[in-house]
Amino acid sequence: MTIAVRHPPQSDVPRAVRADPVGGGAFLADPLSLPTDGETVIAAPVGEDLLLLAGVTDAMSRSVPVLLNGDPALSMTANVVTWVRKEAPPEACIGFVAVVPVKVAGRVRIRSIVMRRKGQPLRYTLVRRALPLMGLMNIVAVDAESEFPKVADGVAQALVSGRSDPKRVAAALSMLTAAARADGFVEVMGALDTGEILLQGWSSELPLDRSRLIVSHEGLTSGDFAAAKVVRDDLGERGYGFVGVLNTGEATVDLERLQRLFFRGPQGWRTLEIYDRRVRLAPIDVPAHIRDVLPRAAAEAETLALLQKMGARYDGRDTVSSLKEPVRIGMDAVLDLAKGGILVSGWMLDPEQAVREVILHAGKQSARIDGTWTRLARPDVTAAFQHDPAFGHSIDPHRHDHGFLAFVPGLAPGSEDPVYFEIVTGEDTSAFYPLKPVRASSRRALDRIVAALDPRSAATGMAIETHIGPMIQVFDHPKPRPVEQRDFGYDESASGLALALGGRRDGEEVLVTLSLLALDPAMHDIPIIVCVPMELYGKIAAEVQRLARFYGLGVRLVGAEGVQDACDALDAAAQATKVETLAFLSAGVMPRRSGWLPVLERAHRNRNGKALVSPTILFEDDSVCFAGTILDPRERRLVDSFLGYPCDVIRGAEPMEVMAGSSACCILSRAAFHDIGGFSQSYLSVREKSRDLSLKLKLAGTPSIWLPDIEMVAADGDPAEVGLSWQRLVQHVDRWSFDRRWSLLVANMRGAE
């Protein structure tokens with residue numbers, strides 16, 4: 001938007017400087033004066049959408065409708081600041097500055113403005129070229145005299161309110177800087193954990209108790225300041241000490257970039273400078289500092305009560321144990337997730353229901369958790385405190401719901417931000433308990449949380465749906481990556497196919513699988529990539545080298561970081577080769593007969609390389625472990641076909657397209673695997689990881705094929721952990737995560753039914 005009111009060239013504004021009549025700095029002198037005919041006004045545009053007009057009238061309200069150029073389409077509401085003009089005639093006894101939000105588009109020349117006040121509307125004409133803001137305010141300062149601080153305050157507030165515009169903020173800052181006189185220093189500062197700012201220093205005119213400060217840092221921010229007077233023997237008659245709390249609401253102030261503070265004193269605008277040797281307190285040190293100063297502070301009861309409340313905030317100590325009420329708390333785990341969010345797991349003993357709220361604080365962020373946490377049985381807590389004399393007979397020996405689990409998304413504390421519980425027991429009574437978050441960079445940290453849950457408890461289902469599941473969704477487990485490798489006769493330059501063998505924590509399982517593969521003559525021409533966690537890499541390297549030489553295999557041994565399961569190892573293996581086609585095989589899955597891989601490869605080529613092909617996988621008792629994942633036509637959900645059936649039921653079956661194959665043994669395009677980002681890190685088990693991979697490939701144009709005639713043997717679906725209660729919980733968590741992501745899409749998919 002362009003307004004055709006031109007700023008004068010620099011030569012139009014004389015550079016002479018005169019003293020401000022109210023003693024508040026200096027303005028540029030200007031030969032123009034305020035129009036007093038009641039028919040014309042002077043104007044100063046600020047940015048592209050704000051216009052300041054100044055003139056005189058007989059009466060004016062604080063907010064008036066205005067009309068530009070007599071055009072009804074250019075109507076808006078202006079905020080008006082007025083002053084009483086001394087020795088002026090009645091028709092010109094009021095001076096005004098109108099702040100007009102100019103809502104017009106295009107190049108519009110503003111010639112007139114009508115102010116619709118009560119009684120007769122006033123029409124003003126702009127008869128002069130536009131002035132710079134400081135030129136207009138200089139004219140207003142001469143006319144307003146002692147009332148200019150009020151005018152400057154109103155204009156400054158109008159400039160800093162509304163949308164943040166750099167030109168508007170710069171104009172307000174330049175006006176305040178020119179008008180304000182230095183009146184003291186801020187010597188001590190610090191941000192409280194709740195966001196308020198402690199300021200301590202000295203001044204001669206700073207209003208005590210309640211005042212309004214305008215903060216200059218990276219822009220301008222206003223806030224309420226509650227200050228108490230502090231005795232200072234070093235100041236003499238120059239002023240007095242102060243200590244107070246500044247509240248800027250939702251606005252954040254970076255104390256390192258704080259430049260000065262503006263306020264209105266009895267004699268006009270004043271500024272508090274920031275002492276170059278100021279003391280910057282850490283958040284947990286601010287309450288103790290306030291407590292030290294309070295005995296020397298004098299103010300109204302409300303201000304002192306506020307300072308006392310701030311002095312009772314968290315200062316790094318555990319004060320729950322000192323509560324008069326029988327309340328105790330303990331923590332088992334505090335996990336800080338990289339993508340934001342904190343999971344807390346522990347117990348709180350409160351037999352008399354004295355606790356009103358439990359609030360989790362992380363720096364300036366906070367969230368109440370006692371309304372959403374899941375309570376868990378902790379009979380060990382009951383037993384530990386049942387005979388504690390501090391609790392008397394208040395503990396019910398048959399009630400054990402003292403444990404809790406809660407995930408709070410969005411909380412992202414900085415490295416120096418305090419993290420703690422606030423336990424509210426009364427109207428103004430709080431106790432604090434410090435927490436030590438651990439960055440959850442490994443899924444094993446989640447395993448420990450899940451292992452503590454009872455799969456038979458109804459509370460466990462709530463914990464998964466309310467806390468564990470949402471946490472998994474934002475869990476940022478790092479992608480596995482190869483970090484070391486050794487080649488033993490390995491050469492992939494002449495091959496378009498490589499076998500990736502993924503191992504977990506069992507080195508013997510990897511070596512046995514490699515030995516059985518070596519018995520197949522077809523494997524001697526296939527480059528093999530053996531990928532294991534770094535902790536296994538050095539332990540099996542010599543034996544892998546021996547097997548490669550003895551059987552004449554070409555093997556690349558890869559050590560990878562971030563490997564939690566076989567899928568992670570296969571993902572890292574895919575990053576360690578450039579062949580076009582990969583055969584995935586999890587350690588512990590053995591071929592029933594030789595020649596299996598060429599058959600898979602032919603089936604893959606018959607689909608032009610655009611398919612994930614999996615064989616049948618059997619348990620050791622010849623029951624079906626995997627024979628394709630299909631879509632149940634009635635419940636519209638994925639099911640593993642023939643799971644647990646004798647293998648005879650699928651003998652003679654034809655190859656078919658299925659909804660998902662098995663990553664435990666399959667063949668697929670490396671490029672297709674790479675294009676979808678590989679395996680997802682949002683699951684704890686390989687089963688849902690494998691299904692997720694197949695569905696992502698299907699959406700990208702690579703379907704899954706089940707090849708019944710090729711049979712592999714696995715000890716069980718997840719040999720190391722099947723049957724354990726925590727594994728059932730992991731499956732519950734993964735099922736929740738998978739359904740959250742895929743259930744709606746799967747229900748609308750067409751697949752093998």
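Biologist: How many of the 753 residues count as buried?
Modeller: In this predicted model, 54% of the 753 residues of the protein count as buried.

Biologist: And the accessible surface, what does that come to?
Modeller: About 33,800 Å² for the protein, with 49% of that area belonging to carbon and sulfur atoms.

Biologist: How many helices and strands are there?
Modeller: The protein has 15 helices and 41 strands. Among contacts with a separation of 6 or more, 73% are between residues 24 or more positions apart.

Biologist: Which strands make up the closed barrel?
Modeller: Seven strands, in the order S4-S5-S8-S7-S6-S10-S11, and the pairing is mixed. From one strand to the next, the twist averages 35 degrees.

Biologist: Take S6 and S7. Parallel or antiparallel?
Modeller: Antiparallel, with five bridges joining S6 (residues 63–68) to S7 (residues 75–84).

Biologist: What lies across S4, S5, S7 and S8?
Modeller: Helix H1, residues 133–144. H1 runs at about 135 degrees to S4, which spans 40–46.

Biologist: Changing topic: S13. How many of its residues are buried?
Modeller: Seven of seven, over residues 197–203.

Biologist: Which residues sit on which side?
Modeller: Ile197, Leu199, Gly201 and Ser203 are on one side, and Leu198, Gln200 and Trp202 are on the other. Both faces of S13 are covered. As background, side chains in a regular strand alternate between the two faces of the sheet.

Biologist: What does S13 pair with?
Modeller: Strand S12 (residues 181–191) is joined to S13 by seven bridges, running antiparallel. S13 also pairs with S16 (residues 240–247), again antiparallel and over seven bridges.

Biologist: Is cysteine 531 buried or exposed?
Modeller: Cysteine 531 counts as buried because its relative accessibility is 0%.

Biologist: And why does cysteine 625 count as buried?
Modeller: Its relative accessibility is 16%, and buried means under 20%.

Terms used. Residues are numbered from 1 along each chain as its sequence is written. This is a predicted model: local features need pLDDT of at least 70, side-chain atom pairs count only at pLDDT 80 or more; totals for chains, interfaces and linings use all residues. Side-chain values use heavy atoms; hydrogens and water are left out. Two strands pair if DSSP finds at least two bridges between them. Helices (H or I, at least four residues) and strands (E, at least two) are DSSP runs, numbered from the N terminus. Axes are lines fitted to C-alpha atoms, for helices over the stretch in contact, and angles run from 0 to 180 degrees between N-to-C directions. Contact means heavy atoms within 4.5 Å. Buried means under 20% relative accessible area, exposed over 50%, partly exposed in between (1.4 Å probe, protein chains only). Accessible areas come from the Shrake-Rupley method with a 1.4 Å probe; for residues, only the protein chains shown count as cover.
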